[in-house]
Amino acid sequence: MSGKDEAELSRLLRAAIAGDERAYADFLHRIAALVRGFARRKIVQGGVDPEDVVQETLLAIHVKRHTWRHDAPVLPWVYAIARFKLIDAFRRRGRRIEIEIEEIAETFAEPESETVSERDVNRALDSLSPAQRSVVSAVSVEGRSIGETAAKFGISETAVRVSLHRGLAAIAKRFRAGRE
Amino acid sequence: MRTEDLVKALDADARSKALPLGAAWWLAAGAAIVIAAAVFWLMIGPRPDIAIAMHTMRFLSKFVFTIALAASAFVLVRAMSTPGASTGRAASWMIAAPLLVIVAVILELFAVPASDWGTRLVGTNMVICLTFIPLIGIGPLVVFLAVLRHGAPTRPVLAGAAAGLLAGGLAATFYAAHCFDDSPLFVGTWYTIAVAILAVLGALGGRLFVRW
């Protein structure tokens with residue numbers, strides 16, 4: 001980790017929370033790369049796909065971004081969430097791992113690109129209501145903007161935002177720790 | 001869904017807002033105090049001789065213990081609800097309240113003849129103490145568990161227990177104004193058990209409800 005990374009990431013996240021979407025996209029891309037490296041190094045045996053951990057961590061970061069204190073460092077916050085989601089992923093698959101926090105603090109990642117395969121998030125997407133699912137798919141997989149999505153379904157932009165937000169929250173909820 | 005696509009969806013939701021966790025804790029503290037005060041006034045109220053009692057060290061010492069517990073637990077539970085926040089220093093402050101009680105107990109043992117230790121410890125209303133501290137504290141505990149849910153504690157069970165200690169410290173502060181037993185021997189025993197009940201309930205609540 002360099003102090004520059006830290007400063008840049010906190011600047012981006014502050015801007016994102018203030019509503020700057022470009023800063024948020026930039027932030028999420030960088031975090032995805034860091035968490036991917038982290039997950040790949042931690043997952044030595046199979047059973048857990050690192051990319052699932054990346055996606056679950058990004059979702060958790062998104063729905064819990066109000067827990068970040070603007071004067072606190074971002075990276076320890078990100079890695080604490082990633083570690084929590086990683087441990088949960090192992091637990092769900094009936095494995096046990098031990099991770100020391102100190103160890104994590106030193107293992108900072110080089111950006112790595114993703115591998116493509118069937119994702120847990122897809123299964124979570126399937127569990128959404130049809131309206132939420134089509135909005136989330138339009139914005140994500142089809143890459144439409146809020147406005148385009150609203151036009152496509154003939155609903156207001158506000159309705160799109162609400163469906164998107166609720167859909168994402170519902171997906172994140174599916175990955176809560178300790179679920180049955 | 002590729003991660004790239006997920007990022008697009010999250011990014012499009014960038015403008016959604018949630019109450020910042022720090023503000024949520026202060027709101028919760030205010031709500032919890034109001035709830036505890038309401039339950040306290042409706043069910044038991046302060047002891048009639050409170051004006052006189054206020055001039056005694058033993059009566060006042062109870063508030064020192066309970067406020068020390070509530071304050072240190074508040075700092076700890078706030079830290080525990082934030083991922084990556086260091087909790088070491090906050091956790092070490094949790095020793096303050098027990099330490100104060102232990103010092104007071106030792107002083108009490110010197111101040112009071114050994115023949116009276118038993119009656120001081122048993123007191124007059126331990127059952128009321130064990131009933132009303134959890135009863136006053138349960139509402140605040142629910143509020144604090146809700147904030148933990150709003151937050152992101154990486155150790156939910158421990159965070160729930162800390163929330164229980166906070167609810168316990170708050171409830172005991174109110175209850176102390178009602179209670180006629182001011183001896184540290186009584187407080188150190190029965191208040192501790194009553195607060196522990198809330199801590200256990202908090203841990204259980206953390207396990208069952210605080211998932212993210």
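Of the 212 residues of chain B, 47% count as buried. Buried means 20 or more other C-beta atoms within 10 Å of a residue's own; 12 or fewer means exposed, anything in between partly exposed, with C-beta atoms placed from the backbone. This is a predicted model, in which local features need pLDDT of at least 70, side-chain atom pairs count only at pLDDT 80 or more, and totals for chains, interfaces and linings use all residues. Residues are numbered from 1 along each chain as its sequence is written, while chains are lettered from A and ligands numbered from 1 in the order in which they are written.

## Exercise 1. The two chains

*Solution.* Start with the rule: helices (H or I, at least four residues) and strands (E, at least two) are DSSP runs, numbered from the N terminus.

Step 1. The C-alpha atoms of chain B fill a box of roughly 75 × 35 × 25 Å along the principal axes.

Step 2. Along its sequence the pattern is α-α-α-α-α-α-α-α-α. Of its 180 residues, 38% count as buried.

Step 3. Now take sequence separation. Two residues are in contact if their C-beta atoms, placed from the backbone, lie within 7 Å. Among contacts in chain B between residues at least 6 apart, 87% join residues at least 24 apart. For chain A, residues 24 or more positions apart account for 66% of the contacts with a separation of 6 or more.

## Exercise 2. One residue

Decide whether V127(B) is buried or exposed.

*Solution.* Step 1. Locate V127(B): it lies in helix α8 (residues 126-150) of chain B.

Step 1. Count its neighbours. V127(B) has 9 other C-beta atoms within 10 Å, so it is exposed.

Step 2. Check a distance. V143(B) is 16 residues from V127(B) in sequence and 25 Å away in space, C-alpha to C-alpha.

## Exercise 3. Helix packing in both chains

*Solution.* Axes are lines fitted to C-alpha atoms, for helices over the stretch in contact, and angles run from 0 to 180 degrees between N-to-C directions. For residue classes, Ala, Val, Leu, Ile, Met, Phe, Trp, Tyr, Cys and Pro are nonpolar, Asp, Glu, Lys and Arg charged, and the others, Gly among them, polar.

Step 1. α7(A) meets α9(A) at about 95°, with axes 8 Å apart. Among the contact residues are V135(A) and V139(A) of α7(A), and L164(A) and L168(A) of α9(A). The contact has 8 nonpolar, 3 polar and 2 charged residues.

Step 2. Helix α1 (residues 3-17) of chain A packs on α2(A) at about 135°, axes 8 Å apart. Contact residues include L9(A) and L12(A) of α1(A), and F27(A) and R30(A) of α2(A). By class, there are 8 nonpolar, no polar and 2 charged residues.

Step 3. Helix α6 (residues 96-111) and helix α10 (residues 184-209) of chain B pack at about 140°, with axes 8 Å apart. Contact residues include V101(B) and E108(B) of α6(B), and L185(B) and G188(B) of α10(B). The contact has 6 nonpolar, 1 polar and 1 charged residues.

## Exercise 4. Domains and interface

Find which helix of domain 1 of chain A gives the most to the side that touches domain 2.

*Solution.* Step 1. Chain A is divided into domain 1 (1-113) and domain 2 (118-180); such bounds come from an automatic or database domain assignment.

Step 1. Domain 1 puts 10 residues in contact with 9 of domain 2. On the domain 1 side, α3 and α4 of chain A each supply at least two residues. α3(A) gives the most, with 8 residues. That side has 4 nonpolar, 2 polar and 4 charged residues.

Step 2. Turn to the contact between the chains. It takes 44 residues from chain A and 30 residues from chain B. Elements of chain A giving two or more residues include α2 (21-42), α4 (74-92) and α9 (157-174). The chain A side divides into 25 nonpolar, 11 polar and 8 charged.
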